[in-house]
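Here is a friendly walk through a two-chain model, meant to be read with the structure open beside it. Please have a look first, and then read on.

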Amino acid sequence: MSVMHRYVVEGAVVGYGRVPVVHGVELEVPTGQVSVIIGANACGKSTLLKAMARLLCPSQGAVTLDGQRIDKLPTRALARTLGLLPQSPIAPEGIAVADLVGRGRFPHQGYLRGWSSEDEEAVAEALEMMNIVDLSDRSVDELSGGQRQRVWIAMALAQRTDILLLDEPTTYLDIAHQVEILDLLSELNRTRQTTIVMVLHDINIAARYADRIFAMCNGRLIAQGPPAEIITEELMREVFSLDSVVISDPQSASPVVLPKTRVKHQPTDCDARDCTVTSAVDAA
Amino acid sequence: MSDALAILRQGRRRRWRRRLLVTGILVALALVLAAALLMLGNTIYPAQDVFRVIMGEKVTGASFAVGTLRLPRMIAAVLAGLAFGAAGAAFQTMLRNPLASPDIIGINSGCSAAAVTCILLFNMSGAAVSAISVLAGLAVAALIYLLAYGREGASGRLILMGIGVGALMDAVVSYMLLKGSEYDIPAAYRWLTGSLNAMRMDEMGSLAIAVAILLPLALVLARSLEAVELGDETAHALGARVERTRILLILCAVGLVAFATATTGPIAFVAFLSGPIASRLVGTGKPHILQAALVGAALVLAADLLGQFAFDTRFPVGVITGILGAPYLLVLLIRLNRKGSSL
Amino acid sequence: MPTADAAVNAASAALPAKPASPAPASFSARGRRRLAVGLGLLALLLAAAASLAVGAREVPLADVVRALFGSEPYSFSELAVRERMPRTVLALAAGVALGVSGALMQAVTRNPLADPGILGVNTGAALFVVAGLAFFGISSLGQYVWLALLGAFLTAVFVYAVSALGRGGSTPIKLALAGAAATAAFSSLISALLLPRIDVMNTFRFWMVGGVGGAEWESLLVIAPLLAMGLALGLAVTPALNALALGDEVAKGLGVRIGWLRLAAAAAGVMLCGAVTAVAGPIGFVGLMVPHAVRLLTGPDQRWIAMLSALYGAVLLTTADVIGRIVARPGELEVGIVTVIIGAPVFIAIVRRYRVREL
């Protein structure tokens, strides 16, 4: 159902003002798969995601979609292919769930074209996928954190994009709700081949749901590959300066990181020094 | 799927019906109030006399009182109400804050300061003052925008800059009033409290044209506002041109406010009150600039009726609307207390 | 909740984190404070002298000194100085009061934009005074000081309450907006009271722009006890305000009774600015600017901020008054206008300094 794309970050240097936070990242997003960007706090992973969504413009390098720089594409056209759910979106006070999800149809509407039956169907489908049809008349203000997050994801789904970027979609959620949201997203990936790229904090959750992991450290991409191949004790030390044991999950055979103890007052190994790519095994 | 579709259609139709109903009632209310404004006065004229005057017939007595005195007053009230209401709702929705209307964040003060300076310092009068006041309103808005612009998330800073610049403008007004000669003070006061007294038909032209152009433009922009309302990041992700929408909408709203202020003076709190009242009536879901404009018109008409006939002293309309603002603040306070939502 | 974080961030940005009991100040910090006090006192002396010397009739410094310490007025110059003395004293006292009041309000609300002008306190005081003039025929200063105080207090509580409700507590944006809205509403009420009463309007027109020109010893005597009480109370609570700067919960954990502390500090702040407003009319932005400037010199210790705000508040207000007399010759520019002209750009600079998330 979904069209395959070539979605590439080409040596992007991104920052706020003049201070670069991301230093020349090169990566190609595998389309039709789930990719997760991991890294320590303030390593530039959200900044990279924002550049990939065109919220920030790289000062050098570029982000391209099917060979075209995304900042050169018409905004609405891009928004029909590439969707983003930011970390803390803002719901207008008192808005009903159906109306908020309906806002996802914005890029499909013109100044003159009104609400169409295709819009209605897209919203209905998004609500069904997120199991929130019965909430559709409720006000977003009244919902719990988990429900609200599902509403936001439904809005992004109603946008019907081939690629969906999510910035920490599970923050503020307990473990059960995290799993619920990520299950829904991986189902979306399976049934519609939607390419998903997200930033996640929890390394074990990331390993469980990702087809491919991008590990960042100090604004650089230091490892990428399938979780089973690149999540190693060594990488954990490098990315989080964390001593750990990596075992295999008996259920899914995905790697599980068990922290040992924190290395004390030792700067991250790749601080300022060259960041060697540990195991850039490309299995794609 | 069909279930979900049915539920959605039903809900949407219900909300749409409510919107239509509210809009209809507001139009009717504004019409009734407008008619009352034409009929009431020192002499009360029956509806048919008023109708005949409007149709261009000569009616002894009524032609002057209704045609020359009351009709311009009513038209000014409607136009200014529409302008203030629409501009207020546009600002509040765009800045996501029910307190952030143009009259609170200093744009009216800019218009007033310029006008008062022209009158008291340069002894100007008439259309020149109005023109300069419109320009000053736009200039103050541009200044606020430039000061706030720069780093990410300009809306919050925009509000604070507006309040800072507004304080400066108010100081200019105070100074001018203090230094101005006693004879010019009444002319200047017209610019400080909105008033519909002594309106003339030929003064309506510029405001009518401004409302005719800018109000529809604001309604078209409301479409993009649906995305902008969700925060800059989401709006970008939805493909909205956030910056362009914001600038155009500010221009529209400031234009409306400036032209209305130039005609009637700053009618306090109409911009501030209309948006929240409209949103209570229609419920949220879509920006409600049109409904807010109608509420604004009804508010100004009603306040003018009250100001003229409810008290021993005739109060200008701006004083009445201003007093209405105080209890609204209290209502806002109580409502927020109950709901625990943010401003 | 992200909004709650933002509020806390705003607070900690205004008052950068520091331990509750101040660590032994490093030499450089102590040196800087001494320098600040020394320079402040010098500036105060100069400003006071200028305030006595400058005016429609220039007085040489020697005559100023002679007028101050001599027993009999010998010349017109010395008479002029004697005439100007209450004005100078009022400028100094008002500056001290507004500076301390601003420091207290910013500390209590943990909000960098708290200021009597922003909070709408001035307009509230004005409304009560006008109501007194219009309805109760109040004319003596002794009576309307109390009305102004009551108005100031009620307005401060009202505006703060409006801004503190809802998610995220009282953020600077909400506080500023609530203050602006209250100011607008009260201004309308004032117009409604004034319009039918031309007599009251003329008295009021001059009161509405803050000025110290009309100062008399008599009016100073009326507010002196209030200022003394407010200052004593305000300075007494500053050590506890250091704990409050770390947040309500931490302050409670440190054994501070925050309810009483808030009440005492707010009462002191309102007493100070209300008393000044009653005599001099609304003088904006002094309470906003001075604590911010002083904080750059002293760091976040509330005791130093309050004391130096008193000193530099007096310097600023007296200097502004002198400037007003110099730039608008032969007339003069009321001090309330000068402070707004200096203050609004400072306000804008403060707003630009903070990151949006903290607003």
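Among contacts in chain B between residues at least 6 apart in sequence, 76% join residues at least 24 apart; two residues are in contact if their C-beta atoms, placed from the backbone, lie within 7 Å. In chain A, residues 24 or more positions apart make up 68% of the contacts with a separation of 6 or more. This is a predicted model, in which local features need pLDDT of at least 70 and side-chain atom pairs count only at pLDDT 80 or more, while totals for chains, interfaces and linings use all residues. Residues are numbered from 1 along each chain as its sequence is written, and chains are lettered from A and ligands numbered from 1 in the order in which they are written.

The table sets the two chains side by side. A residue is buried if 20 or more other C-beta atoms, placed from the backbone, lie within 10 Å of its own.

| Chain | Residues | Buried |
|---|---|---|
| Chain A | 284 residues | 47% |
| Chain B | 343 residues | 57% |

Chain A has nine helices and twelve strands, whereas chain B has 13 helices and zero strands. Here helices (H or I, at least four residues) and strands (E, at least two) are DSSP runs, numbered from the N terminus.

How does the radius of gyration of chain B agree with that of a compact globule? With 343 residues, such a globule would have a value near 20 Å, and chain B has 21 Å, which agrees. The radius is taken over C-alpha atoms, and the globule rule is 2.2 Å times the number of residues to the power 0.38. Along the principal axes, the C-alpha atoms of chain B fill a box of roughly 70 × 50 × 35 Å.

Within chain B, helix α3 (residues 62-95) packs on helix α12 (residues 289-309) at an angle of about 135 degrees, with their axes 6 Å apart.

Finally, the interface: 35 residues of chain A are in contact with 28 residues of chain B. On the chain A side, α4(A) gives the largest share, seven residues. By class, that side has 19 nonpolar, five polar and eleven charged residues.

Key. Ala, Val, Leu, Ile, Met, Phe, Trp, Tyr, Cys and Pro count as nonpolar, Asp, Glu, Lys and Arg as charged, and the others, Gly among them, as polar. A residue is buried if 20 or more other C-beta atoms lie within 10 Å of its own, exposed if 12 or fewer, and partly exposed in between; C-beta atoms are placed from the backbone. Axes are lines fitted to C-alpha atoms, for helices over the stretch in contact, and angles run from 0 to 180 degrees between N-to-C directions.
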